[in-house]
There are 2 protein chains.
Amino acid sequence: MFPISDLIPGNAVIGQSGGPTAVINQSLVGVVEGLRLGLHAAGVAKRVFGMRHGVRGLTKGDLYDMTDMHQDRLDSLAMTPSAGLGSTRDKPDAAYCERVLEACKKHDVRYFFYIGGNDSSDTCRLVREMAVSSDYDLRCFHVPKTVDNDLMENDHTPGFPSAARFVAMACMADFMDNISLPGIKINVVMGRHAGFLTAASALARRRDREFDDVPSATTDGPQLIYCPEVPFDLDRFAADVEAIYAAKGRCHIVVSEGIQDKEGTPIGAKLIKNAQVDAHGNVQLSGSGALGDQLGDLLKERLTPVGGKAPRVRADTFGYVQRCWPDASPVDRLEARRSGQYAAMLPLHGARDGSVAIVRTGSGSEAYLGAAGEPYASDYKRVDLKAIAAKTRHMPKEFLSGHNNVSKKFIEYCLPLVGPLPGFERL
Amino acid sequence: MFPISDLIPGNAVIGQSGGPTAVINQSLVGVVEGLRLGLHAAGVAKRVFGMRHGVRGLTKGDLYDMTDMHQDRLDSLAMTPSAGLGSTRDKPDAAYCERVLEACKKHDVRYFFYIGGNDSSDTCRLVREMAVSSDYDLRCFHVPKTVDNDLMENDHTPGFPSAARFVAMACMADFMDNISLPGIKINVVMGRHAGFLTAASALARRRDREFDDVPSATTDGPQLIYCPEVPFDLDRFAADVEAIYAAKGRCHIVVSEGIQDKEGTPIGAKLIKNAQVDAHGNVQLSGSGALGDQLGDLLKERLTPVGGKAPRVRADTFGYVQRCWPDASPVDRLEARRSGQYAAMLPLHGARDGSVAIVRTGSGSEAYLGAAGEPYASDYKRVDLKAIAAKTRHMPKEFLSGHNNVSKKFIEYCLPLVGPLPGFERL
């Protein structure tokens with residue numbers, strides 16, 4: 001253990017940033033618990049403050065004292081989806097970070113924790129660098145969070161398993177609906193740059209099927225899965241659907257909101273009227289049904305009519321419920337909590353900054369087909385902020401299969417994370 | 001008990017029709033169980049057949065023998081969302097019903113069960129009348145099903161409580177998301193003519209709030225609820241949102257897909273490009289995000305900019321996942337099963353036709369605020385087919401409050417049906 005006498009007494013602040021998830025409050029509570037057991041108990045962290053709406057609240061002095069919150073309230077907060085402290089889409093530049101640092105000095109903050117995606121990690125990095133330059137000992141730590149699962153260094157990211165659970169369960173049930181009343185069904189799933197969440201829809205297929213070598217038309221739905229990592233071609237898409245529709249009289253499709261053509265232009269961003277742009281320059285993709293509707297219209301126009309009638313085509317866009325549905329994955333709840341606790345303990349081990357990354361230590365292969373295998377297990381490690389900051393992880397090639405499917409390897413990767421899925425009976 | 005010797009031995013058929021629900025297979029299994037325990041055990045119903053895709057399958061002789069299905073498979077089927085036998089949107093006219101009757105004669109069917117909404121009840125009625133005319137003893141029974149909750153004579157309809165549970169939980173979580181990242185959020189909920197499912201979104205509000213007399217801006221979300229029973233006016237809508245947005249910096253809105261203007265023209269149907277029409281003449285409302293997107297665009301244009309920027313507006317359309325989400329209401333599961341069992345027993349009590357209706361026998365007021373009260377209880381009764389057939393029940397006036405809210409009476413009506421809802425912690 002690092003000598004505690006080397007740590008400067010002061011306050012700690014915790015903030016949440018970016019799109020909320022079902023478990024980001026687990027991480028918040030984890031940091032509070034870790035601080036109370038560690039730095040606060042040691043007399044180093046005097047008060048533990050939450051920032052209201054992230055760095056935006058911090059700069060205004062809008063803080064919420066969590067030092068003495070009753071454990072019952074913390075436990076209840078941890079089970080609440082959304083960012084309990086409020087979140088922000090602000091992406092601080094140098095001037096903004098200067099104000100953040102000033103606020104830290106003003107409130108005697110020496111320990112700064114920020115829960116979010118790669119932009120939040122970048123904020124930690126900037127604030128830390130500025131603190132170092134001005135010779136102010138401010139320890140800055142990032143706790144990972146994103147349903148997109150696109151942080152570097154992480155086996156997976158807190159928030160992703162719960163969103164993947166929702167997508168898998170929604171697709172399981174929706175495929176049964178599609179068998180009941182056959183037609184063409186498109187589901188649009190979140191994921192601006194990374195296809196992990198879209199790929200998770202493959203968990204909807206029954207486990208006793210193979211995934212790599214079987215033609216799409218013979219699998220359970222979704223039969224076609226389009227991730228943003230593979231260039232999306234409208235003609236090829238229509239041909240894919242036509243082939244399965246001709247064979248089965250129905251087709252179940254999952255498409256990432258972030259699909260893009262071979263020039264890298266997002267298909268969705270081109271189609272959304274009045275699209276809004278956030279402070280990060282990201283065009284709004286969620287909160288609109290435009291992509292699904294346009295793809296549906298395309299299929300109605302292009303597909304061969306059956307008995308003189310255009311095929312029945314419907315499109316649903318899963319929307320924000322993917323990231324906030326209350327039935328979170330048990331694995332995700334635990335890991336999000338522990339990620340926060342781990343971050344809070346880092347200063348006690350001498351760390352001045354860093355991010356927490358999840359490492360898989362047991363493959364969880366036993367979750368697949370119930371075969372004898374290794375139980376799922378994970379651990380945590382500290383990584384440099386700059387290894388995470390402003391970088392995006394994509395689906396590795398080995399997780400993809402062809403241009404419209406995922407591999408068995410991906411199923412084995414994802415299945416242990418999402419918790420138990422229901423079993424359905426087919427007649 | 002009616003003398004069994006009066007019942008003509010033959011086969012029984014069961015079909016499912018219209019939009020699937022999370023519990024329509026409970027009703028299917030209920031009919032099978034009721035027949036096996038009753039008519040089949042008595043030697044009257046020789047075989048119990050399922051129709052594949054409703055009357056469409058029956059006319060083609062596409063039947064599935066369920067007589068000896070193992071109880072384990074039945075129990076698993078009952079927990080599976082969707083119509084296990086397949087469903088159909090066919091609305092039989094006289095000529096079609098003639099073919100249905102011919103198929104019944106060909107397969108020696110004497111007991112006909114049809115699970116569905118008011119159209120299915122009408123099919124039962126037509127087939128029964130034709131059988132009577134041709135002096136063929138065919139007993140026809142309807143088992144209620146619809147997420148819209150719009151069947152006459154029923155306190156509520158199997159399928160509704162589970163869909164209401166999904167809508168309530170989605171709105172609970174989405175409201176927390178809306179607090180985290182404030183903005184204007186529109187959620188579009190199923191319900192072509194009846195606003196029950198849209199109204200169920202009010203269960204998302206915390207229970208310790210009043211609902212009748214409190215200004216919308218001060219309640220939890222959804223702050224604005226628009227049912228199809230109240231004429232929808234775009235100007236009034238924009239003004240409602242502006243008022244709450246000005247007060248809170250955010251606004252959480254739920255809108256029925258079936259909202260219509262004062263001339264009775266659906267707002268949604270007007271907006272959807274390439275809308276498809278089914279055999280019942282119903283314009284497609286679900287399976288598209290158009291209504292939400294158009295309402296969102298309207299708000300972006302009309303609302304007062306804040307700091308020179310249009311307000312952040314997002315729209316989600318909950319889509320088919322509302323009717324098939326696997327986490328069904330426990331009350332709904334039980335009642336759907338028992339409705340089927342009850343229908344299967346009706347011939348043993350001398351009934352020649354009829355529909356099953358749910359009667360509430362215990363108010364369930366104890367579910368509200370945990371106050372001392374009456375536990376929820378329900379029972380079943382036989383009603384005439386024509387009392388249900390082709391009729392639509394709407395939200396009673398006492399369930400509405402103003403033009404954009406629901407009453408406390410509605411909350412008391414709906415809350416006992418949906419099963420336990422999570423409790424969230426707010427900072």
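# Exercises on helix packing, domains and the chain interface

In chain B, helix α1 and helix α12 (residues 330-345) pack with their axes 7 Å apart and at an angle of about 35°, where axes are lines fitted to C-alpha atoms, for helices over the stretch in contact, and angles run from 0 to 180 degrees between N-to-C directions. The model is a predicted one, in which local features need pLDDT of at least 70 and side-chain atom pairs count only at pLDDT 80 or more, while totals for chains, interfaces and linings use all residues. Residues are numbered from 1 along each chain as its sequence is written, and chains are lettered from A, with ligands numbered from 1, in the order in which they are written.

**Exercise 1.** Determine the hand of the crossing of α1(B) and α12(B), and the classes of the residues in their contact.

Solution. By class, the contact has eight nonpolar, seven polar and four charged residues, with Ala, Val, Leu, Ile, Met, Phe, Trp, Tyr, Cys and Pro counted as nonpolar, Asp, Glu, Lys and Arg as charged, and the others, Gly among them, as polar.

**Exercise 2.** Describe how α1(B) lies against α3(B).

Solution. The axes of α1(B) (residues 24-37) and α3(B) (residues 71-78) come within 7 Å and cross at roughly 150°. The two helices are therefore roughly antiparallel to each other, since angles over 145 degrees count as such, those under 35 as roughly parallel, 65 to 115 as roughly perpendicular and the rest as oblique. N25(B), Q26(B), V29(B) and V32(B) of α1(B) make the contact with L74(B), L77(B) and A78(B) of α3(B), which gives five nonpolar, two polar and no charged residues.

**Exercise 3.** Work out the packing of α4(A) on α5(A).

Solution. Helix α4 (residues 94-106) and helix α5 (residues 118-133) of chain A pack at about 65°, with their axes 9 Å apart, and α4(A) is thus roughly perpendicular to α5(A). On the side of α4(A) stand A94(A), C97(A), E98(A), V100(A) and L101(A), which meet L126(A), V127(A), M130(A) and A131(A) in α5(A). By class there are eight nonpolar, no polar and one charged residues in this contact.

**Exercise 4.** Locate the two domains of chain A and state how they meet.

Solution. The assignment gives domain 1 (4-158 + 328-388) and domain 2 (160-326 + 396-417), and their C-alpha centres lie 32 Å apart. The contact takes 28 residues from domain 1 and 26 residues from domain 2 of chain A.

**Exercise 5.** Relate chain B to chain A and describe the surface through which they meet.

Solution. A rotation of 180° with 0.0 Å of shift along its axis superposes chain B on chain A (RMSD 0.0 Å), which is the relation of a two-fold axis. Of the residues of chain B, G289(B) comes closest to that axis, at 2.1 Å (C-alpha).

Methods:
Copies are superposed by least squares on the C-alpha atoms of residues with pLDDT of at least 70 in both. Two residues are in contact if their C-beta atoms, placed from the backbone, lie within 7 Å. Helices (H or I, at least four residues) and strands (E, at least two) are DSSP runs, numbered from the N terminus. Domain bounds come from an automatic or database domain assignment. A crossing is left-handed if the near helix is turned anticlockwise from the far one by less than a right angle, and right-handed if clockwise.
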